[in-house]
Amino acid sequence: LLSVVERKRIPLSDLGVQTPGRLLTHPDPVVARKAAKVFDELRGPQLTEKSALIGKFRAAFLQPPDLKNGKELFEKNCPVCHKFGDKGKDVGPNLTGVGLHGDIVLLTHTLDPNRVVEGNFISYNVVTKKDEEYTGLIKSENTEKVVLKNLEGEVEIRRPMFLVNPTILWSSDDRA
């Protein structure tokens with residue numbers, strides 16, 4: 001996989017958010033070192049550009065905040081996935097209190113949202129035996145079913161057979 005990505009036959013972006021992290025922390029040190037080398041070569045320019053952009057906008061944090069503009073920007077762009085106070089949807093991370101992490105963390109997460117993704121915010125794809133496809137975050141799961149949540153709401157899927165695969169989480173006969 002890493003050789004194919006290195007030769008740019010598969011774009012790095014096709015690996016999603018979770019796979020690079022798994023490869024970088026692979027239990028086989030040879031694989032982990034190879035992943036670090038390949039990702040550094042491919043992401044180097046991108047990370048440099050994003051870091052420069054973060055540095056450029058960091059100066060804005062030295063100015064007094066424009067709370068009205070910030071509220072308008074949030075209400076226009078963010079509540080589709082994120083919740084702040086009592087506004088928005090609870091699909092992505094809740095942004096209430098996010099400012100406590102400091103300006104550089106907030107700015108980095110805003111300008112480079114996939115740099116760090118917590119495991120509970122990784123999206124999964126589920127394909128049932130009936131070829132129904134579902135995408136979402138795992139809200140809950142047990143040996144009988146899983147509940148996915150996404151922008152449309154929640155879906156409960158029975159899971160008599162579990163597959164270990166990052167893109168097809170399991171197969172199921174039907175929804176509950």
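Reply: Leaving out residues up to four places away in sequence, aspartate 112 touches Leu47 and Lys50, where contact means heavy atoms within 4.5 Å. This is a predicted model, in which local features need pLDDT of at least 70 and side-chain atom pairs count only at pLDDT 80 or more, while totals for chains, interfaces and linings use all residues. Residues are numbered from 1 along each chain as its sequence is written, and side-chain values use heavy atoms, with hydrogens and water left out.

Aspartate 112 sits in the loop between α5 (103-111) and β3 (124-127); helices (H or I, at least four residues) and strands (E, at least two) are DSSP runs, numbered from the N terminus. The relative accessible area of aspartate 112 is 7%, so this residue is buried. Buried means under 20% relative accessible area, exposed over 50%, and partly exposed in between (1.4 Å probe, protein chains only).

The side chain of aspartate 112 also makes a polar contact, at 3.1 Å, with the side chain of lysine 50. A polar contact is a pair of N or O atoms within 3.5 Å; within protein, one must be able to donate a hydrogen and the other to accept it, and residues adjacent in sequence count only if both atoms are side-chain atoms.

Elsewhere, β5 (residues 145-150) and β6 (residues 153-158) pair in the antiparallel sense over 6 bridges; two strands pair if DSSP finds at least two bridges between them. A hairpin of 2 residues joins β5 to β6, and asparagine 150 has glycine 153, in β6, as its bridge partner.
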